[in-house]
Amino acid sequence: MDDLPLQKIQISGPTLASMIERFSTALGDVDGLLFGHVSHIAPSSLSDDDPLGFSSDPSTFVATVSGFLCSGTISSFYDSTGRIDLLALRRLLADRFPPRSLIGWFSGRRRSPLRPSLREFSVTTCLSTKTQFSFPIENSLSNFRPTLFLLFASPLSDQVIHTHEYKAYQYHPSSQSFEPKSIDIVNIGPAFRGHYGSFSPSSPFPSMACDLRASLMAEDDNDATQVAKAHDQRQLDTCAEGVQIGSLSRLMGSEATNYTAGLEDLYEKMLSKLDSLGRLVEKTSAKVHEQESRNMKLRYKVAGYD
């Protein structure tokens with residue numbers, strides 16, 4: 001099996017942020033598994049600087065981290081010496097992801113330097129020998145072993161600004177060494193602005209039929225009209241509570257300049273609705289973190305740490 005060097009490691013911004021969040025909210029050090037795929041990218045053009053007339057590095061391999069599994073603790077699939085517990089590892093893989101997508105693992109340590117420990121080196125070495133977890137590289141005839149290691153660390157001393165450091169490594173079985181790899185965060189930076197070229201902001205304000213003649217034709221206010229008004233009122237309440245549907249007709253036409261106060265009231269109600277939704281999201285997020293904390297304490301208690 002080839003020991004293929006990676007050019008870089010790609011990971012999306014939300015995935016990286018989620019990993020940091022799980023590490024920062026955990027009760028202690030954590031570890032977990034990395035999932036994704038490896039692609040072979042052929043050179044798109046020849047280099048004029050190459051005297052031989054071809055690229056000196058025709059093969060480029062890029063690993064993409066598309067998911068992770070955080071155990072919430074340490075030594076979740078290995079012992080204190082770094083030897084892999086295959087039963088525990090298979091249990092983790094069976095719960096979440098297919099085994100063929102395993103590309104490595106990660107570790108998060110608090111108040112420690114950003115360099116791999118001997119145990120982390122041993123875990124990565126042992127994991128790379130498990131050929132049953134190798135998988136084919138996209139656009140290539142070669143296979144890839146789970147040789148990636150991503151390390152997170154927090155500062156050695158308390159700081160006003162909460163920061164985290166991270167660094168990626170690839171283990172090379174041929175030389176039995178770690179090689180630092182650059183991390184390319186997808187969706188961040190000028191190179192990814194093209195992803196949002198077709199984006200056009202739109203208001204969530206519902207489309208409603210505001211007939212200027214409604215106030216002048218009260219005699220046509222039948223049951224169907226009442227049902228339509230009630231439907232439009234419910235739609236309006238989702239964006240701005242307290243604003244009547246009938247008042248919208250006064251915001252249109254030549255007389256609209258006389259009702260600027262009504263328009264300002266409409267915007268104020270919409271902002272109030274957004275503010276209430278934001279507060280609801282904050283409360284819900286706090287409850288989720290509180291429940292995760294309870295679950296973590298129960299895991300520690302069951303494991304005998306408490």
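This note covers the nonpolar cores and the aromatic pairs of the structure.

1. The model is predicted, so local features need pLDDT of at least 70 and side-chain atom pairs count only at pLDDT 80 or more, while totals for chains, interfaces and linings use all residues. Residues are numbered from 1 along each chain as its sequence is written, and side-chain values use heavy atoms, with hydrogens and water left out.

2. A nonpolar core is here a set of buried Ala, Val, Leu, Ile, Met, Phe, Trp, Tyr and Cys residues joined through side-chain atoms within 4.5 Å, where buried means under 20% relative accessible area, exposed over 50% and partly exposed in between (1.4 Å probe, protein chains only). The largest such core has 27 residues, and those touching the most other members are Leu-6, Met-19, Leu-34, Val-38, Phe-106, Phe-144 and Phe-152. Apart from this core lies another of 21 residues, including Phe-35 and Cys-126.

3. Rings of Phe, Tyr and Trp (its six-membered ring) pair if their centres lie within 6.5 Å, with planes under 30 degrees apart counted as stacked, over 60 as edge-to-face and the rest as tilted; the count comes to 15 aromatic pairs. Phe-68 and Phe-106 pair edge-to-face, at 6.1 Å centre to centre and 80 degrees between the planes. Phe-68 is buried at 15% relative accessible area, as is Phe-106 at 2%.

4. The rings of Phe-149 and Tyr-169 are stacked, because their planes stand at 25 degrees with the centres 6.4 Å apart. Both Phe-149 and Tyr-169 are buried, and ring pairs link them into a cluster whose members include Trp-105 and Phe-178.
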